[in-house]
Every structure is written in structure tokens, then in C-alpha cells.
Amino acid sequence: MMWRDGVVTGTRSVWGGEGCSCAELEVELTGAPEGAISLLPGRRVRAVAYEALTGVPALGERVRLEVSALDRALGTGGHAMVGARLDVLPPDSPREGHLVKARYMPDQVMVTGVDEQGTAHHGLLSRPIGSLDLEGMPVVVADLHSSLPAVLAGLRAPRGEEQPRVVYVMTDGGALPLAYSRLVSALSEAGWLAGTVTAGQAWGGDIEAVSVHNALLAARHVLHADVAVVIQGPGNLGTETPWGFSGVACGDAVNAVAALGGRPVACLRVSQADARPRHLGVSHHSMTAYGRVALAEADVVVPDLHGPLGAQVRAEAEALCAPRPGAAQHRLIEIPSDGLMERLRAAEEETGIRLSTMRRGLKDDAAAFIAAAAAGRHVRRILNAGTAHG
């Protein structure tokens with residue numbers, strides 16, 4: 001860890017709900033340890049403060065920052081993180097809940113879990129295995145957090161029709177605080193999400209759950225979802241090794257959905273513009289997570305992209321859906337992409353979100369967002385056909 005002291009010189013923006021907001025601050029560094037060679041006093045940085053952890057520091061307040069990700073110029077780690085307010089001791093939180101998330105870290109948080117003893121829904125989630133399931137609910141599984149608004153854009157019903165209740169399940173492969181996601185804040189404010197559940201070590205959702213399994217059951221039976229979308233938070237991790245990436249958990253999510261009697265829908269990670277060959281066409285993340293880790297069958301959604309890219313994506317999806325020893329065979333689902341670009345542009349206007357993945361916008365890497373929107377369109381067709389309860 002790398003620590004610096006600083007003074008708050010301004011507030012850039014604040015997003016999220018009351019009590020769980022996230023603030024982006026301007027901070028001037030005032031102190032660094034002896035021997036430090038970067039991020040020295042006088043430097044101005046952007047810093048994030050989570051209301052639930054420290055409260056929101058005021059102008060002129062002294063703060064202590066953790067800056068290791070900022071120092072290394074990581075893509076999602078472009079912020080310093082407020083670890084403490086040096087002149088203010090925040091009040092104790094209500095003494096409720098017994099689930100500890102970010103366990104044994106200095107900033108661990110105590111939350112009330114939907115599945116912990118003595119809570120309203122513990123009895124529901126305590127029912128024997130097999131007596132409570134997802135009732136065929138479709139669940140979209142995706143690798144990148146940036147896919148979420150595109151999935152919802154493809155899923156939404158035409159204007160004037162009743163919209164499906166969509167719940168976002170955030171897993172703990174990326175950011176742990178849900179409050180860090182501006183996307184979720186904007187989508188919730190726009191009414192595109194009916195609720196959020198944070199699973200595993202992730203925290204800050206409308207509902208907290210110990211596991212992805214209970215998060216999905218809570219989405220269905222507590223938040224009454226018609227559809228759930230399972231994606232890690234912002235900041236996926238990769239290492240240029242076949243198995244060393246946080247999105248490998250997509251395969252585990254497919255297995256969880258199938259084990260609970262849901263319908264897994266695999267959203268492919270696709271790119272036409274990534275400079276890394278392993279992510280062009282269908283990313284090796286999708287090929288590994290869905291092709292090797294997922295043992296249950298899933299709907300693998302393929303948009304009808306044109307030209308050489310379309311042929312490549314189709315061929316790679318067919319390989320994913322070939323018979324697999326020791327695992328169920330996936331279903332290849334072809335979805336027309338006509339009108340999806342218009343929906344994606346409309347999504348940016350309606351929600352105020354700028355679609356972006358790996359710092360590439362809609363015009364730079366349209367295929368990435370079309371693939372995610374196609375997964376949403378497929379789920380829309382499932383709901384319209386009445387082949388899933390909703």
C-alpha cells in the first residue's frame with residue numbers, strides 16, 4: 001500500500017443513494033513518506049470517498065489516501081482512495097447485521113445479509129434444496145461491467161409497454177463497493193433497474209448476500225425480478241494467462257443459475273477494436289469461462305455482425321457450442337442486430353450514460369455493445385414467448 005496525506009480542495013461529483021453515495025474529490029497532496037519518488041506534495045489528484053466508510057470529507061479537510069493503483073496508472077484505478085479523515089472521527093454505524101465483507105481488511109464493513117439468521121427472509125432462503133428455485137428465470141451472465149447498460153438497452157420493451165423487472169447481481173471480481181459504479185447509479189435513477197444485490201465480498205446493494213446462489217434467489221423471490229444480470233463490478237483483472245482473469249467466474253455463474261433452475265444466457269465478450277489479439281472477435285475470456293468452466297448448458301447469444309468479424313464471431317461461437325466431454329452442450333442463439341445501434345444511442349440519451357469499454361466508446365467498438373444488447377434482446381424474446389415465468 002502507498003499512503004499520502006492531502007487537503008480537499010473541491011468536489012467534482014457525487015453519485016449514489018443517501019447513506020451509500022460515492023464522492024469524487026479534488027485533493028492537493030501535502031505529505032508523502034521519506035524516500036517517495038512519485039505523487040509528491042503539491043500534486044493534485046482525484047480521490048474517491050465512500051460515504052458508508054468515512055463519510056464525505058468537506059472542503060479544506062485533511063485526508064489520508066491510498067494511492068498504489070493511481071501510482072501504477074491502472075485503467076479503473078485512476079483514483080486515490082480516501083482511507084481516513086484525519087480531523088474527523090465518523091460516528092458509529094447502526095449496530096445491525098452480522099455479515100462482514102472485505103473481511104479482515106482495515107475497511108471491512110458489517111452489513112445485514114438477506115440470508116443471515118434472524119432476518120425477514122432467512123426462513124425463505126432456509127428452505128431445503130430443491131424446494132426453492134429460480135422458476136426458469138432468465139439470467140444474463142457477462143464479463144465486463146460496461147456491458148450492463150447495453151444488455152438493458154436490448155432487453156427493454158418498446159416505449160409505452162410494461163418494462164420487465166431487472167435486478168443486477170454484482171459479484172466480487174472487480175470493485176467491491178457497488179457505490180463506485182456510476183453506471184448502476186444512473187441506471188437505477190433512470191428506472192432501468194428494479195434493484196441490486198451484492199454477492200460474496202461485494203457490498204452496498206439494496207440486498208446483501210453471502211453467495212451468488214442466494215443473491216439470485218433473493219433477486220427472484222425478494223425483489224421479484226423477471227430477469228437478473230450477473231456481472232462483476234468495475235475493474236476486471238487480467239494477467240495474460242489462460243486462467244488468470246476475474247471474468248473466469250462467468251462460468252461459475254452459469255453453473256449457479258442452472259443449479260437453481262434458471263436459464264443461463266451467456267453474453268459474449270466481443271471486440272472489433274481491441275489492440276490485443278486475444279480479445280479480438282470473441283475474447284478468450286468468454287471462450288474459457290463458457291467453454292471450460294461452465295459445465296451446465298447456456299444460451300450462447302451471437303449477433304449477426306457483418307463481414308470478416310461476423311464470420312469470426314460466428315465460428316468461435318459455434319466452437320463454444322460444440323459437444324463437450326464431461327459438460328452439457330450449449331445452445332447457439334442467433335439474434336439479428338438490426339435496430340440495436342439505435343437502441344444503444346437512445347440508451348445514452350435516456351440515461352445520461354456514455355457507453356464505454358476499455359476506454360472505447362460506441363463508435364469505436366460498436367461490436368462490443370451490440371453483442372451485449374443482443375443478449376438482452378434474446379431475453380426479451382424469452383419473456384415475450386412466455387417460456388420463462390415473469
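This is a predicted model: local features need pLDDT of at least 70, side-chain atom pairs count only at pLDDT 80 or more; totals for chains, interfaces and linings use all residues.
Val197 belongs to the largest nonpolar core, a set of 92 residues. Together with Leu152, Leu216, Leu268 and Leu344, Val197 is among the members that touch the most other members. Helix H11, residues 366-385, gives the most to this core, contributing 13 residues. A second core of 16 residues is separate. Among its members are Ala23, Ala47, Leu70 and Ala80.

Leu152 leads on to a pair of helices. Leu152 lies in H4, where Leu148, Pro149 and Leu152 meet Leu183, Val184 and Leu187 of H5. The residues of this contact are 6 nonpolar, with no polar and no charged ones. How do the two helices lie? Two packed helices are described by the angle between their axes and the distance between the axes. Helix H4 (residues 148-155) and helix H5 (residues 182-189) pack at about 25°, and their axes are 10 Å apart. Angles under 35 degrees count as roughly parallel, so H4 is roughly parallel to H5.

Now turn to the strands. Five of them, in the order E1-E2-E3-E5-E4, form a closed barrel with mixed pairing. From one strand to the next, the twist averages 55°. Strand E1 covers residues 3-15 and strand E2 covers residues 22-31. E1 and E2 pair in the antiparallel sense, over 9 bridges. Tryptophan 15 has cysteine 22, in E2, as its bridge partner.

Conventions:
Residues are numbered from 1 along each chain as its sequence is written. Side-chain values use heavy atoms; hydrogens and water are left out. A nonpolar core is a set of buried Ala, Val, Leu, Ile, Met, Phe, Trp, Tyr and Cys residues joined through side-chain atoms within 4.5 Å. Buried means under 20% relative accessible area, exposed over 50%, partly exposed in between (1.4 Å probe, protein chains only). Helices (H or I, at least four residues) and strands (E, at least two) are DSSP runs, numbered from the N terminus. Axes are lines fitted to C-alpha atoms, for helices over the stretch in contact, and angles run from 0 to 180 degrees between N-to-C directions. Angles under 35 degrees count as roughly parallel, over 145 as roughly antiparallel, 65 to 115 as roughly perpendicular and the rest as oblique. Contact means heavy atoms within 4.5 Å. Ala, Val, Leu, Ile, Met, Phe, Trp, Tyr, Cys and Pro count as nonpolar, Asp, Glu, Lys and Arg as charged, and the others, Gly among them, as polar. Two strands pair if DSSP finds at least two bridges between them.
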